[in-house]
Amino acid sequence: FEPDSERIFKKIISTKRSVKLGLGGINSNVITDEAIMRGERAISSLYSVIEKHDVSKIFAYATSAIRSAENGNDFKKMIEEKFPIEIKIISGEREAELIYKGVSLAIDFTDEPVLILDIGGGSNEFIIANKKGMLWKQSFNLGIARLIERFNPSDPIKTNEISEIEDYLFQELKPMFTAVNDYKVTTLIGSSGSFETFAEMLDLQDFKNPSCEIDLKQYNALHQTLIESTLEERRKMQGLVLMRTEMIVLASVMTQLVIKKAGISKLIKADYSLKEGMIYEILK
C-alpha cells in the first residue's frame with residue numbers, strides 16, 4: 001500500500017496464501033514439520049510479489065498459531081534468516097487493539113456500544129467499543145482450526161455435534177457474554193474473513209463496500225444451508241472461496257451462537273481488520 005492521507009491508503013496489490021499453519025499441532029502448541037514447510041513456501045511466494053514492487057519497508061505480524069507454539073520462535077528465526085523480514089509476534093490483546101483500529105476505518109462509531117468479532121484460525125478476538133474507544137476486549141484461543149482439531153466434525157456436521165460445540169463455546173465465552181450484558185450490546189460487527197464470505201454468498205447489493213448490514217433472516221437461512229452441506233457441495237457454492245470451505249461451517253456455528261446468546265438484533269460486516277489496523281498505525 002501507499003499512504004494518501006492520515007486515514008486513507010491506496011491499495012497497490014492484495015494477495016493471500018492459505019497455509020494452515022496450525023494443522024495437526026495447534027492444540028498441542030506445536031507447528032508441525034509439514035506446516036513449517038508450507039509456511040516457508042507461502043512466505044517465499046509472497047516475497048516474490050514484494051520484490052516486483054518498489055517496497056520501502058516490510059511489516060510482518062505473527063498471531064495465535066505462532067505465539068502459542070513451543071517452536072513458534074524457531075519458525076520466526078528460520079523465516080528471518082531466509083528472508084529480509086522482521087516478524088513481530090503479538091499478543092491476543094494487541095491483536096484485538098489492531099482489529100479495533102482497522103474496523104474504525106470502515107465503521108463510523110456512535111455512542112452505542114457494539115461488539116466486534118474477528119474469527120481466526122487460532123484465536124477469536126472480541127471487542128466492545130464505541131466512538132470513545134475500546135470499552136472491553138479479550139482474545140480467546142477458540143479459533144476455527146482449534147475447534148476442527150478438537151471436535152473433528154462429520155461431513156456434513158451432525159446436530160449433536162453442533163450442540164456439543166455450542167455448549168463448549170458458551171462455557172468458554174462466558175466473560176464475553178457477561179460484558180455484552182453489562183454494556184447492553186445489540187449490534188455485532190464481524191470483521192473481515194468469514195463475514196465478508198457471508199456477505200458475498202448472500203450477494204448483497206453493497207457487499208463490496210467497506211461495511212454493510214447483513215439481514216439476520218438472510219444470514220439465518222445461509223447458516224442452515226451451510227450446516228446441512230458437505231465439503232464437496234460447499235466447494236461449488238457461489239461466493240465461497242476455496243480456502244474457506246472447510247472452516248466456514250464452524251465459523252457460522254460460532255456466529256450463530258453469539259447472535260442467539262448475546263441477543264444481537266443487528267449484524268454488520270466490516271472488511272477491515274488487523275492488517276488495516278496495522279496500516280492505520282503506520283500512517284499515524
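I43 is found in helix α1 (residues 33-51), where helices (H or I, at least four residues) and strands (E, at least two) are DSSP runs numbered from the N terminus. The model is predicted, so local features need pLDDT of at least 70 and side-chain atom pairs count only at pLDDT 80 or more, while totals for chains, interfaces and linings use all residues. Residues are numbered from 1 along each chain as its sequence is written, and side-chain values use heavy atoms, with hydrogens and water left out.

**Residue I43**

- I43 is partly exposed, with a relative accessible area of 23%; buried means under 20%, exposed over 50%, and partly exposed in between (1.4 Å probe, protein chains only).
- Not counting residues up to four places away in sequence, I43 touches I79, F83 and I85; contact means heavy atoms within 4.5 Å.
- The C-alpha atoms of I43 and I165 are separated by 33 Å, and these residues are 122 residues apart along the chain.

**Nonpolar cores**

- A nonpolar core is a set of buried Ala, Val, Leu, Ile, Met, Phe, Trp, Tyr and Cys residues joined through side-chain atoms within 4.5 Å.
- The largest nonpolar core has 50 residues, and L115, F126, L169 and M176 have the most contacts inside it.
- Helix α11 gives the most to this core, with 10 residues.
- Another core, of 18 residues, lies apart from the largest one and includes V19, I36, Y47 and I79.
- Leaving aside neighbours within four places in sequence, the contacts of F126 include L115, W136, L173, M176 and V258.
- In soluble globular proteins, nonpolar side chains tend to be buried together.

**Helix α7**

- M176, F177, A179 and V180 are buried in helix α7 (residues 174-183).
- Seen down the axis of α7, the buried residues fall within an arc of 160°, so they line one face of the helix; the arc is that of the directions from the helix axis to the C-beta atoms.
- The exposed residues N181 and D182 are carried on the face of α7 turned away from its buried side.
- The cover over the buried residues of α7 includes the strands β5 (114-119), β6 (124-130) and β7 (133-140), together with the helices α6 (159-172) and α11.
- Just after α7, K184 takes a positive phi of about 55°.
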